Structure formats: structure tokens, C-alpha cells
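Please read them with the sequence and the model side by side.

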Amino acid sequence: MPAISSLDLDRDPRSIVGTREFDAPRALVFSAWTDAKHLAQWWGPNGFTTTTYTFDFRPGGIWRFVMHGPDGRDYQNLITFEQIVPPERIVYRHGGADDVEPVQFRQTVIFEDLGGRTRIIWRGDFPSAAERDRVIKEYGADKGLVQTMARLADYVATQA
Amino acid sequence: MVKLALDSTFAALSDPTRRAILARLALGETSVTELAKPFAMSLPAVSKHLKVLERAGLIARGREAQWRPCRIEPRALKDIDDWLAHYRRFFDESFDRLDAYLQKLQAKEHTKERNNRGPKGKDRKDARNKQPRS
């Protein structure tokens with residue numbers, strides 16, 4: 001699986017993919033994502049703790065939480081679940097409110113059954129063509145630019 | 001606004017032509033005419049790409065009247081690079097912790113099973129967790 005850990009101009013930074021294997025059955029690995037009590041035990045980098053305000057694990061439901069950094073800083077977070085297919089897949093959107101951390105992305109987490117072991121494939125998708133168009137619109141670009149971009153998007157699509 | 005800056009940087013970088021322009025500019029500052037050469041594009045089309053890159057803070061353009069040299073602004077690229085590293089670290093370290101947590105859960109499960117199966121549990125705490133087997 002290709003995965004980038006630093007910016008490479010030859011690659012489209014719109015998506016990042018990684019895999020990880022766990023020595024535990026798939027149902028157990030999946031269940032660690034389904035409950036704020038479980039998530040509090042492992043979510044976040046070393047030294048972080050998590051406080052959950054709201055946790056609604058269903059498509060369209062949100063997880064509103066704050067991550068307390070080891071530096072004493074609090075990071076507001078919002079996750080909106082888009083797709084839940086137990087015990088195979090979770091798709092969520094990260095970000096999207098005024099008082100939460102910057103950068104929106106869509107995260108896909110796939111759980112593969114390896115017979116007692118489990119592989120997680122995780123993929124982050126960053127601002128898409130739609131997001132790009134929104135940015136152009138918000139920045140008040142002229143109509144010509146939007147049309148050029150649209151044509152360019154079509155062109156790129158035919159090359160892909 | 002950090003959010004808009006990073007979002008627009010990602011959006012600007014999502015286009016292969018703009019990445020190629022950045023790669024060219026990494027070699028040194030140059031004019032729009034020079035930049036346009038390798039691409040089958042009109043000057044106005046290239047200028048539009050440059051506007052997107054400039055708005056995203058990825059390049060800066062000189063103010064000299066005719067020849068407006070473009071140069072790369074490493075700051076925005078570094079912001080994105082830092083953010084990607086942070087994102088990567090988030091999952092790497094979260095999954096280290098998840099791994100440890102899953103081991104703990106399974107160890108507990110095994111102890112519970114052993115205590116349920118065996119004649120009696122040694123550990124009081126585990127014995128208290130004993131549940132009738134169906």
C-alpha cells in the first residue's frame with residue numbers, strides 16, 4: 001500500500017493510505033471503535049487523552065470530543081459518521097464546525113478478517129474537486145477561472 | 001484563518017499541473033512565459049493556475065511591472081508537510097495504543113474463561129466478574 005509521510009509533489013496529496021495488522025479477531029477490533037468508553041482507551045497519539053461530549057454511532061450521527069494534548073492544549077474535534085457496516089467498514093468525516101480543528105477530511109477504515117487476526121486499511125481523503133470549487137467560489141475567483149478549472153477537472157478525469 | 005489556508009493549499013496541490021509548476025519553481029524563480037513552455041496551455045490558463053497557487057500561499061510573485069517572476073513560498077508547503085506528518089503520527093500512535101488495548105481485553109477475556117472453566121478462580125476480582133455460561 002502506498003503511504004506518504006511527507007509531501008511529495010509527484011503524488012496527489014488528496015489521499016493517504018496505510019495498513020496495520022492486529023492480533024485480535026475482527027469483531028473485537030471493530031468493537032473498539034463503537035463506543036466512546038473504548039475509544040478513550042486508545043484514540044490519539046501518545047500523551048493525549050480524550051473527553052467525549054456526544055457519541056452517536058450510527059450513519060449521520062456525530063462524535064463530539066476534545067483531545068487534551070500533553071502540552072496542555074485542548075483540541076476540539078467533530079466526527080460525523082457517514083457509513084457503518086459492522087464489522088467491515090466505517091466511513092466518517094472529520095471537521096466541519098467553526099470551533100473545531102482545521103482541515104476537513106473523510107476517513108475510511110476497513111477491517112479485514114485474517115482468521116483470528118485483523119488488518120485495518122485506513123485512508124484519508126482530503127479536499128476534493130468539490131472542495132476545491134468551493135474554495136475558488138469563496139475566494140471570489142472570476143467566472144472564467146471556474147470554467148477553466150471545470151474543464152481541467154474533466155481533462156484530468158479523462159487522463160486518469 | 002488556518003482552516004482556509006490549509007484547505008486551499010490541499011485544493012491547490014490536488015492539480016497535477018500546479019504540482020508540476022511548483023516542482024519547476026523549486027529549481028528557482030522564473031517568469032510566467034518560461035513556466036508556460038512545458039505545458040500545452042495558453043499564458044492566461046497558466047496565469048490562472050498561478051493565481052490559485054498564489055492565493056493558497058504556495059507561491060509569491062514579484063511586483064516588477066512586466067516581468068513578474070514567480071517563486072515558491074516554502075512556508076505553505078511546510079505547513080502541509082507538518083500537518084501530514086501529524087496526521088500520520090496520529091494513526092501510528094493511536095494504533096499502537098489500540099494494539100495494547102486489544103491485548104489487554106483479550107487477556108481479560110482469557111482469564112475470565114479460565115476462571116469459569118476451572119474449579120475456582122484464584123483472583124477474587126476475576127471471580128467477581130464470573131458470569132454464568134450459556
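**Notes on the model**

1. Confidence in chain A. Among the elements of chain A, helix α4 (residues 143-159) has the lowest mean pLDDT, 43, while β2(A) has the highest, 96. This is a predicted model, and pLDDT is the predictor's own confidence in each residue, on a scale from 0 to 100. Over chain A as a whole the mean pLDDT is 78, and 66% of the residues reach 70 or more.

2. Make-up of chain A. The secondary structure of chain A comes to four helices and seven strands. Along the sequence the pattern reads β-α-α-β-β-β-β-β-β-α-α. Chain A has 160 residues, of which 21% are buried. Of the contacts in chain A with a separation of 6 or more, 29% come from residues 24 or more positions apart.

3. The sheet. In what order do the strands of the open sheet of chain A lie? The order is β1-β7-β6-β5-β4-β3-β2, seven strands with antiparallel pairing. The edge strands are β1 (15-22) and β2 of chain A, each of which pairs on one side only. Direction ignored, neighbouring strands of this sheet are turned by 25° against each other on average. As background, strands of a sheet pair through backbone hydrogen bonds, either parallel or antiparallel.

4. From β2 to β4 in chain A. Strand β2 (residues 49-55) pairs with strand β3 (residues 62-68) in the antiparallel sense, over six bridges. One place to look is A:Phe55, which stands opposite A:Trp63 in β3(A). On its other pairing, β3(A) meets strand β4 (residues 74-85) of chain A, again in the antiparallel sense. Seven bridges link β3(A) and β4(A), and A:Val66 stands opposite A:Gln76 in β4(A).

5. The hairpin turn. β2(A) and β3(A) form a hairpin with six residues between them, and A:Gly60 in the turn has a positive phi of about 90°. A:Pro59 is found in the loop between these two strands. Is A:Pro59 buried or exposed, or something in between? A:Pro59 counts as partly exposed, because it has 13 C-beta neighbours inside 10 Å, and a residue is exposed at 12 or fewer and buried at 20 or more.

6. What A:Pro59 meets. Leaving aside its neighbours within four places in sequence, A:Pro59 is in contact with A:Phe81, A:Glu82, A:Gln83 and A:Ile84. A:Pro59 and A:Ile90 are 31 residues apart in sequence, and their C-alpha atoms are 9.3 Å apart in space.

7. A cis peptide bond. The bond that joins A:Pro86 and A:Pro87 is cis, with an omega of about -10°. A:Pro87 is found in the loop between β4 and β5 (89-94) of chain A.

8. Make-up of chain B. Chain B has six helices and two strands, in the pattern α-α-α-α-β-β-α-α along the sequence. Of its 134 residues, 25% count as buried. Residues 24 or more positions apart account for 46% of the contacts in chain B with a separation of 6 or more.

9. Helix α5 of chain B. This helix covers residues 74-117, which makes 44 residues. At 1.5 Å a residue it should span 64 Å, and its end C-alpha atoms are 64 Å apart, so the two values agree. Among the buried residues of α5(B) are B:Ala76, B:Phe91 and B:Leu102. The helix lies across β1 and β7 (118-125) of chain A and runs at about 15° to β1(A).

10. The cores. The largest nonpolar core has 23 residues, and those with the most contacts inside it include B:Leu53, B:Ile59 and B:Ile80. α1(B) gives the most to this core, with five residues. A second, separate core of 17 residues includes A:Phe22, A:Val29, A:Phe111 and B:Leu102. In soluble globular proteins, nonpolar side chains tend to be buried together.

Terms used
Residues numbered from 1 in each chain as written. Chains lettered and ligands numbered in written order. Predicted model: local features only at pLDDT ≥ 70, side-chain atom pairs only at ≥ 80, totals over all residues. Pairing = 2+ DSSP bridges. Contact = placed C-beta atoms within 7 Å. Expected span 1.5 Å × (residues − 1). Axes fitted to C-alpha atoms, helices over the stretch in contact; angles between N-to-C directions. Core = buried A, V, L, I, M, F, W, Y, C linked by C-beta atoms within 7 Å.
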